[in-house]
Amino acid sequence: TDLSAPLPQVVEAATKEEEASSLKSAVKVLEPYIMGPTSLKCVGYAAAHVTLLGVGLYVDVALTQWNGVFWTALQNHQSKQFYRLLWDFVIITGVTGFVGTYSDYLNGMWHLHARDHLTRHFNQLWVSTGAMCMMRQSSVQVDNPDQRIDQDVDEFVGSTRELVFGGLGSVVRLAIYFPI
């Protein structure tokens with residue numbers, strides 16, 4: 001590697017991308033995972049997550065309606081309806097527990113898959129072009145760039161997923177509960 005050569009395009013692109021932080025640059029970072037050979041798995045994880053989000057929201061609405069009926073039955077001393085509603089509560093909490101547990105498991109698997117794929121992709125970009133060696137000659141010193149890539153990708157994948165699906169869940173909850 002010629003140490004007097006200009007910095008590789010990867011370093012220049014990273015500098016420009018850092019200056020233009022936006023949704024467009026976030027999508028560009030995710031592009032190798034979303035559009036690459038793992039796109040079907042990514043779509044599967046996203047579809048499963050949206051499905052579980054929908055089921056969770058449906059159960060939330062059912063529990064809200066259940067609360068009104070339950071307290072009315074309790075207040076009016078309707079014992080048959082009260083006991084039937086207790087069984088409904090067992091079903092609602094069972095579904096809630098299943099959805100929460102499976103959703104957490106699925107999110108963990110998706111996070112590991114995306115993190116592994118993107119970490120390999122960016123490490124390959126930095127190592128294959130010699131950008132890591134070139135950075136040593138620049139004025140800014142970076143210790144352990146491969147470890148930094150791993151940590152940054154981990155944080156980026158988790159934050160992006162939480163932001164997108166947290167926002168989606170909040171918008172849907174607002175649409176459901178606002179008219180009430």
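Helix α3 spans residues 39–75, 37 residues in total, and reaches 54 Å from its first C-alpha to its last, close to the 54 Å expected at 1.5 Å a residue. The expected span is 1.5 Å times one less than the number of residues. Helices are DSSP runs of H or I with at least four residues, numbered from the N terminus.

The model is predicted: local features need pLDDT of at least 70, side-chain atom pairs count only at pLDDT 80 or more, and totals for chains, interfaces and linings use all residues. Residues are numbered from 1 along each chain as its sequence is written, and side-chain values use heavy atoms, with hydrogens and water left out.

Buried residues of α3 include Cys42, Tyr45, Trp66 and Phe70; buried means under 20% relative accessible area, exposed over 50%, and partly exposed in between (1.4 Å probe, protein chains only). The helices that the buried residues of α3 pack against are tabulated here.

| Partner of α3 | Residues |
|---|---|
| α2 | 23–34 |
| α4 | 79–128 |
| α6 | 145–177 |

His77 is found in the loop between α3 and α4. His77 is not a glycine, yet has a positive phi of about 55 degrees. At 72% relative accessibility, His77 counts as exposed.

α3 also contributes two or more residues to the lining of the second largest pocket, as do α2, α4 and α6. The largest share of that lining, 8 residues, comes from α6.

Definitions and conventions
Contact = heavy atoms within 4.5 Å.
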